[in-house]
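Let's take a friendly walk through a protein chain, from its overall build to a few single residues. Have a look at the picture first, then read on.

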Amino acid sequence: METTLTVKGMSCNHCKMSVEGALKKLAGISDAKVNLEAGTVEVTYDESKVNVAAMKEAIEDQGYDVEF
């Protein structure tokens with residue numbers, strides 16, 4: 001399954017690494033790719049192991065805002 005989340009507050013490579021790293025620590029996420037210019041992150045995941053709410057929480061724990 002794939003989803004694209006809009007993340008507010010990302011501006012640099014450190015932001016990119018923080019968001020991707022937080023997502024990849026979650027069980028069931030196979031890939032996370034941040035697009036800084038678009039302010040989005042594309043996530044590939046197993047919906048039987050993780051949901052969007054968990055992804056949102058992981059990103060917000062890093063200090064960013066997530067919009068749907």
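## How the chain comes together

Residues 24 or more positions apart account for 55% of the contacts in the chain with a separation of 6 or more; a contact here means heavy atoms within 4.5 Å. Please keep in mind that this is a predicted model, in which local features need pLDDT of at least 70, side-chain atom pairs count only at pLDDT 80 or more, and totals for chains, interfaces and linings use all residues. Residues are numbered from 1 along each chain as its sequence is written, and side-chain values use heavy atoms, with hydrogens and water left out.

The secondary structure comes to 2 helices and 4 strands, arranged along the sequence as β-α-β-β-α-β. Helices (H or I, at least four residues) and strands (E, at least two) are DSSP runs, numbered from the N terminus. Along its principal axes, the C-alpha trace spans about 30 × 20 × 20 Å.

Helix H1 covers residues 13–24, and its 12 residues reach 16 Å from first C-alpha to last. Which residues of H1 are buried? They are Cys15, Ser18, Val19, Glu20, Ala22 and Leu23, where buried means under 20% relative accessible area, exposed over 50%, and partly exposed in between (1.4 Å probe, protein chains only). These buried residues pack against strand S2 (29–35), strand S3 (40–45) and helix H2 (52–60).

The largest nonpolar core has 17 residues, and Val19, Leu23, Val41, Met55 and Ile59 touch the most other members. Strand S1 (2–8), H1, S2, S3 and H2 each give two or more residues to this core. A nonpolar core is a set of buried Ala, Val, Leu, Ile, Met, Phe, Trp, Tyr and Cys residues joined through side-chain atoms within 4.5 Å. In soluble globular proteins, nonpolar side chains tend to be buried together.

| Residue | Residues in contact (heavy atoms within 4.5 Å) |
|---|---|
| Thr40 | Thr4, Leu5, Thr6, Val7, Met10, Lys33, Val34 and Asn35 |
| Leu26 | Val50, Ala54, Met55 and Ala58 |
| Ile59 | Leu5, Val7, Val19, Leu23, Val41, Tyr64 and Val66 |

Thr40 is found in strand S3. Is Thr40 buried or exposed? Thr40 counts as buried because its relative accessible area is 15%.

Leu26 is found in the loop between H1 and S2, and at 23% relative accessibility Leu26 counts as partly exposed.

Key
The expected span of a helix is 1.5 Å times one less than its number of residues. Lists of a residue's contacts leave out its neighbours within four places in sequence.
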